[in-house]
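My notes follow the order in which I checked things.

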Amino acid sequence: MRWTRYFLNTLREVPADADVISQKLMMRAGMIRKVAAGIYTYLPLGLRSIKKLEHIVREEMNRAGAVELSMPAIQPAELWMESGRWQKYGKELLRIKDRHERDFVFGPTHEEVITDTVRDAINSYRQLPVNLYQIQTKFRDEVRPRFGLMRGREFIMKDSYSFHTSRESLDETYEAMRQAYTAIFHRCGLDHVAVEADTGNIGGSASHEFMVLAQSGEDAVVSCPKCRYGANIEKATSKFFDDEPEPAPMQELAPIHTPGTQSIEDVGRFLGKPTSQLVKTLVFDTDEGPVMVLVRGDREGNEIKIKNHLGVTWMEMLADSRFEEATGGPVGYCGPVGTKCRRVLADVSLKGRANWIVGGNKRDTHISGANVARDFPEPEWGDFTTVFAGDPCPRCGTALEIYRGIEVGHIFKLGTKYSDSMHCTYLDEKGERQSMIMGCYGLGVGRTVASAIEQSHDADGIIWPMPIAPFEVVVTSVGKEESVVNMATELYEKLLAAGVDVLFDDRDERPGVKFKDADLVGFPLRIAVGAKSLANGQVEWSFRKDRAKQLGAPEEVLARVIDEVKKARV
């Protein structure tokens, strides 16, 4: 393709409404164009990268035994009512009506439609297992769409769903999908990690997220450098609190005057004690009423873990205006002794410890010598805190590391969550009806392309991994001399004949403009043909990742570039 015949217009200025580097560079490089908040046109250059990723995804999904289909983006509300998610999904679900005033949704996901499809098509255990996938546009009405393709409202996603007669069968397909996802991101040239994750709104018994590591990532990823244990920060655990401390003699319950000490740090400074020896009290409002959570003073409460333990649909920090009425104590001074909260949770870091220092449910007052069972009822114990860097790995004890990551894929063991509610059943060997056991496997296509840019760029533009670069090579003619144009054209045509994805920059522009655009777009390889080097029988070539210029005879450079492209495709 020649640049002069292609629809590619770059921007010098950074768009004013761009939030993150991938959005800025994709808009400047002429890959996407914003139509509305969180909604983009994929321009030809951007679409090429999307299609290349889709090709890799299809190859690996097909290799893993999945079969492609295509489901409608617009879905009848009846299916969502049947699954129970019509009321539960929230405002991200775009609800619409047709001309007959019938309710529909623009699908953010396809569990309901695929379950409806399979229950009509499969009746016997002999037809299972089956694994179906699609690559399709979805819509989630984000309250604050931002970060370009990273958190848009309309987006392209690969989602697949498997149906089974047993947990063992699900485990086999789940592992096949895990390996397929690993192969996809490896082939894309992305530094990534698979981590244990929370199942969220999708539900199910287990899940893994696939994270592309990048400093700009929204999510914290916990990883063990030795045994490769990995989990997102919402799910991660450690060995830090495995062992209960030696029992200590109980002290008498005693009030402590602690004026002006609302935070745990204030209390620690006032008492001259490290916060690790204090108890922090968190209070959440839920759809089942206020809940008190007690954690060690130097740790942070993990809201996802707490919400999962409670099994509630909605949870947020209790408003200050309701605090004293709901707990029996003012903000900063509430505690478990005499609390009005019907449910009290305590992190395992506190289990076996005696003589807690807690809020006294009275302004400017704390209590020392508080003991479980004697002074307040036995709480519900569990892991309710966030892992810190340096905590020991739960598997091998090695110090855990924390990275920033971008979620690009998520796989779930759904179990019978949807097949039970939607009566997706089969006849087993005994002729009895059983609910199908399901798995769900999602991959953000546009998000993965954007994450590649977040992971690899510099001040001048994108540095593409070759497998998903819109073009593998750019040939640049530097000058208008006939010999230069002819040689550049010859190299371009020979690259095309060799099957290389190449763009010929044949514009009537200054060399500086062409080179700046090449760096901005991020072509992995560049061949530059100029009069000076050509007079010596040479042309210049370089990798975008380091831009180290190399000279060679045209045929020698051609062979080297073709070889580099072939190596990157393996």
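**Ground rules.** I am working on a predicted model, where local features need pLDDT of at least 70, side-chain atom pairs count only at pLDDT 80 or more, and totals for chains, interfaces and linings use all residues. Residues are numbered from 1 along each chain as its sequence is written, and side-chain values use heavy atoms, with hydrogens and water left out.

**Cavities.** A cavity is a set of points on a 1 Å grid over the protein atoms alone where a 1.4 Å probe fits but cannot get out; lining residues have an atom within 4 Å of a point. Grid points are joined across faces, edges and corners, and a volume is the space filled by probe spheres set on the points. I found two cavities of 30 Å³ or more.

**Largest cavity.** I read a volume of about 50 Å³. Its lining is Ala-518, Asp-519, Phe-523, Leu-525, Arg-526, Ser-542, Phe-543, Arg-544 and Arg-547. Helix 13 (511-521), strand 29 (525-530) and strand 30 (539-543) each give at least two of the lining residues. Helices (H or I, at least four residues) and strands (E, at least two) are DSSP runs, numbered from the N terminus. By class I noted four nonpolar, one polar and four charged residues. Ala, Val, Leu, Ile, Met, Phe, Trp, Tyr, Cys and Pro count as nonpolar, Asp, Glu, Lys and Arg as charged, and the others, Gly among them, as polar.

**Second largest cavity.** This one holds about 40 Å³. Tyr-40, Tyr-42, Leu-149, Glu-154, Phe-155 and Ile-156 line it. Strand 8 gives the largest share, three residues. The classes are five nonpolar, no polar and one charged.

**Second largest pocket.** A pocket is an open set of points with protein on both sides within 12 Å along at least five of seven lines. I read about 380 Å³ here. The lining has 23 residues; Gln-262, Ser-263, Lys-280, Thr-281 and Gly-332 lie nearest the centre. Strand 14 supplies the largest share, five residues. I logged 14 nonpolar, six polar and three charged residues.

**Glu-303.** I placed Glu-303 in helix 8 (residues 303-310). Is Glu-303 buried, partly exposed or exposed? Glu-303 counts as partly exposed because its relative accessibility is 39%, and buried means under 20%, exposed over 50%, partly exposed in between (1.4 Å probe, protein chains only). Not counting residues up to four places away in sequence, Glu-303 touches Phe-284, Met-315 and Met-317; contact means heavy atoms within 4.5 Å. Its C-alpha is 8.5 Å from that of Glu-316, 13 residues apart along the chain.
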